[in-house]
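Please read the following account with the sequence and the structure side by side.

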Amino acid sequence: MTMPSRLTRTLSAILFALLFAAHSAPAQRKDQDIKFRLAQSYERSGDYTAAVAIYKELYLHDSTNVVLVESLKRDLLQLKRYDEAIILFQSILRRTPGDINLLGQLGSIYAQNADQKKATETWERAVSMEPKTETTYRFVGSWAVQSRMFEYAIALYKRGRTACGDPQLFTSDIGYLYGIMLNYADATKEYLSLLTKSPGQLNFVQSRIATYTGKAEGLAAATASVQQAAKAEPANMEYQKLLAWLYMEAKDFAKAYDVYKWIDEKTAAGGKELFAFAERTLREKGYAVASKAYASLISSYPNAEFLPQTKFGYARTLEEIDLAKDTIMLFGLAAAGGSRPETEGNPAYAGAIAAYQKVVVEFPSLEVAPRSLLRIAEIQYERYGDLDASKASLENLIARYAAVPQIIVDARLLLAEVSVARGDVDRAAVQYDAVAGKAPYIGEQRERAAYRLAELDYFAGRFKECLTKLADLTRNPTSDAANDALGLQIFIQENTASGDAAIKEFAQAALLQRQRKLSEAAGRFESILKTYAGTPLIDETLIQIGAAYTQMRRYKEAASMFERLAAEYPESIVLDQSLIQLGQIYALGLKDVPRAIAAYQQLLEKFPNSIYVSEARKHIRELRGDTL
Amino acid sequence: MREMQRLSGRLVIAAVFVLLAFCQAAAPAQKILIPMDLKQTDHLKAYGIAYWALTKNIEVDWLLNYRSGSFMIDGLASVSAECRVRGVAFEELTGAAAATIYSVVQAEDNNMDAVRLEKAPKIAVYVTPNALPWDDAVTLVMDYAEIPYDKIWDTEVLADKLNDYDWLHLHHEDFTGQYGKFYASFSTAPWYVEQQVMYEKKAKELGFKKVSDMKKAVVEKVKSYIGAGGFMFAMCSATDTYDIALAAKNTDICDVMYDGDPQDPDAQKRLDFSQCLAFENFTLEKNPLRYEYSDIDIPASDMVATLNPETDYFTLFEFSAKYDPVPTMLTQNHANIIKGFLGQTTNFKKSLIKKSVTILAEKDGTEEVRYIHGNFGRGTFTFYGGHDPEDYQHAVGDPPTDLALHKNSPGYRLILNNILFPAAKKKQQKT
């Protein structure tokens, strides 16, 4: 054999080997691909055991394939074959012992296998690979969180801070973890730390803390933590803002006021922070604190652009504070004509009126001026019964502020009421007419004016005209005025059937009552009792006398009227109304609980279908102290 | 197993009858009848009156099938006053009139009977300490009817506190340990996250590795309570999840997001239906993201859109009052056909209900069973599908139903029947 032929054979053998390899490698890959797809099909059909067998076989050929390793791990865990999964990861880790992600995964497999000790050991090994790197802690921490080992994750993140030399690291993560573990105090402390690092994150921190301030314990814990921080760092503006927000969440307006005042001063906000606080507190009915804030603003910022609204707000708070103290509210505003002052010398509301007057004088061209005039007129009428003063205020308002139509409408309605009270029904009719316009009446104010116009006819004994006007109002069954209109319509129709002398007398007495001439009204009603003893009006008359005495705070006399009604007119259709009022007089006026309950029970017994039944039941339960 | 025993009080009732007949000339109101037919103004509070009377040691006769399950109480002024205060319609009867009613009820040819209620049952509601964002029909109706109850949870159940109670209601609960299977929709909602942490803490505190293990221990305790003579009532998902948890005693049906590890792939095969109270041969819903536990619920929770609220009604069965007093008590109502309502578990598939269980109500012509009752040991259990009888599709976050607007709700009445029947005086069975 010659050298060339030997060489030729050798070259041929190499060529053959190369050709074979080139031919068989793709075939082998194709075979593995088919097997991998088959394993995936098994996995999708839920046959994890079969899938694992194939994945394992493939793994023997290609242990570096990440997708394959992931699939094998997934199915081993699905089958709870944790030991095999652990061996798999340990074998991979032998090749890449410093892979933090693989160690994190291995730790989580130990955790799933309920071996928390091994889990934490493995994670600690991961941490030891790069103990001064933030991402190490973030990686490992996320595996711990996924394994719901929250306490370990918190401890790990905290260690990460120290190791990385950044005490602000992981604050948001730790805060969240404390929050879901219901440890609201520590959660808040973490968020405070975040706020220290990033003051611009106040809104984010508020939103995080708001996830638990809906619960009393969450709000209390957050407030205590922020209080402590604010005390330690009184100059920290974000802490103060957070504290003020928490106080407002708790509706602790007094404490919030102090903080907002401080913030306003320190930020040189020129009163804007405090003004926003006062307006919000007024809306939330924290009148005393809002008043204090407004007063402070008035004295501290006499040239502020918001001064008109501040002075008006201040006056509103004074009015509301006096209203809350007003004993005429004993029977509630709903008691017909009941919310009237005891005497005109009542000093209440004087401060409010003075404050409103200042607004009018100082800002005559702004909308707060007519609003203030309207408030003054209402106090003068509703609280003082000072008809002349109220009239003058309203006329002044209407003459000067015709360009503010919404306020003018309210002013006209009030002026009409004042005119009725003054006995000037013609002038009242002009005002009501101006508001009502022509039928159909659309809108609450127009309907109200139209109803009042009909009432004027009723008071004057012009029943036919009254009924015509009422008919227009009853066409809109959805309106409040329609209900009142129907009631008056039926009353007139029932009591004019056999002559109208009695009802005319009654309407005149009712006008006196509307005019708050209570003694005169009571006297006129009592004369009806004598003159028209046999008419169907008598029970209604007794009710009205009782109501007048109630308004005059002559509770015993009022009670005797209602009791008389019950005794002498047991078939009366207004007896249920009488009994509910009797109960209220005993409960609120005479403080006689047993008699109040007896009155309500009588109502329930005799009038089980009365519209007052629910109210009577509620009162009985309140009086006997039931827990509902 | 012990069936609710029948009244031995035939003699008692007869004695009442004679006594009343003698007393007819005496005081005008010998008895107070609280009718439960359409004359009743507030059916729900009427049960509260019966309960209230029992707490005052005033005996109450429940007149099964007489005017839709009326109550007869001694004609005391305090009873009538309380009826008025609570807005419950009642009729004052002379002795003779009451005796006539008793004679009608006792007549052999009338499917009626009188059951003497003697003692106000002590009630426990199994409920998580934190308020969930939706309400529970049973606590709603007990509050409305003014029937007092205690709240208990896993700690109390596992400490054998159940023995202190006559009647147990399982609040809308998932005993499988899958947190209502709300994961797909609410896994990031604060209430969901907090609930899971709270449950896990409780499990750890009580020495369990997983919440599902703790719940398994709880269902076993409840089962023992029933076996020892307790009365258990469950609605909505507390019904099927209770039985699923019992069946899954030896396996893990929870996926990784619920208990940190995957389901047992052979969970279905390992279910032990012999452990269940009411169901058998059901198939688990293994998709952890699907809002359904098994095929017991019909239609499935994610198929309820196929139901038409206008035509969704179920029908109560009628039982023999004299021979089957317990099912009769449980089905007392002024309506036989009742408006349907959805829940996480709405109806039970008939083919999966054990033969030993009594079906009390179903949707005619379908596989859908609404209301079932059965015995275990010396006690009983009742399962009622759906969430809120007066809110067709009550969703998470919806406001609670105002029962003052549903005073005559037939659906809610069924719940209250359950509360009163443990008060019945036990008597020897006829059959």
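Among the contacts in chain B between residues at least 6 apart in sequence, 77% join residues at least 24 apart, a contact being heavy atoms within 4.5 Å. The model is predicted, so that local features need pLDDT of at least 70 and side-chain atom pairs count only at pLDDT 80 or more, whereas totals for chains, interfaces and linings use all residues. Residues are numbered from 1 along each chain as its sequence is written, chains are lettered from A and ligands numbered from 1 in the order in which they are written, and side-chain values use heavy atoms, with hydrogens and water left out.

Chain B contains 14 helices and 15 strands. These elements are DSSP runs numbered from the N terminus, with helices (H or I) of at least four residues and strands (E) of at least two. Chain B has 431 residues, of which 62% count as buried; buried means under 20% relative accessible area, exposed over 50%, and partly exposed in between, with a 1.4 Å probe and protein chains only. The accessible surface of chain B is about 15500 Å², and 53% of that surface belongs to carbon and sulfur atoms. Such areas come from the Shrake-Rupley method with a 1.4 Å probe, and for residues only the protein chains shown count as cover.

The domain assignment divides chain B into domain 1 (10–117) and domain 2 (123–307 + 342–400); the bounds come from an automatic or database domain assignment. The C-alpha centres of domain 1 and domain 2 of chain B lie 37 Å apart. Seven residues from domain 1 of chain B and seven residues from domain 2 of chain B take part in the contact. How much area is buried between domain 1 and domain 2 of chain B? The value is about 650 Å², of which carbon and sulfur atoms give 60%; buried area is the accessible area (1.4 Å probe) that two parts lose on being put together, summed over both. On the side of domain 1 of chain B, B:Leu44, B:Lys45 and B:Tyr51 lose the most area to domain 2, together 67% of what that side buries. Between domain 1 and domain 2 of chain B the count is two salt bridges, each a side-chain nitrogen of Lys or Arg within 4 Å of a carboxyl oxygen of Asp or Glu. B:Glu146 forms a salt bridge with B:Arg86, with the closest N and O atoms 3.9 Å apart.

The next topic is the interface with the partner chain. The contact draws 24 residues from chain B and 25 residues from chain A. Chain B and chain A bury about 2100 Å² between them, and carbon and sulfur atoms give 52% of this area. B:Arg84, B:Val85 and B:Pro262 supply 29% of the area that chain B buries against chain A, more than any other three residues. Nine salt bridges are found across the interface of chain B and chain A. A salt bridge also joins the side chains of A:Arg621 and B:Glu82 (3.9 Å, N to O).

In chain A, helix H9 (residues 171–180) is mostly covered, with eight of its ten residues buried. Among them are A:Ile174, A:Leu177 and A:Tyr178. The buried residues of H9(A) pack against helices H7 (134–146), H8 (150–164), H10 (184–197) and H11 (202–209) of chain A, together with helix H8 (190–205) of chain B. H9(A) is followed by A:Leu182, whose phi is positive, near 65°.

Some details of the backbone remain. A:Arg516, in the loop between helix H26 (501–514) and helix H27 (518–531) of chain A, has a positive phi near 65° in a residue other than glycine. A:Arg516 counts as buried at 17% relative accessibility. B:Cys236 is not a glycine either, yet has a positive phi of about 55°; B:Cys236 is found in the loop between strand E9 (231–235) and helix H10 (237–247) of chain B and is buried, with a relative accessible area of 1%. The peptide bond from B:Ile298 to B:Pro299 is cis, with omega near -10°, and B:Pro299 is found in the loop between helix H12 (267–270) and strand E10 (313–316) of chain B.
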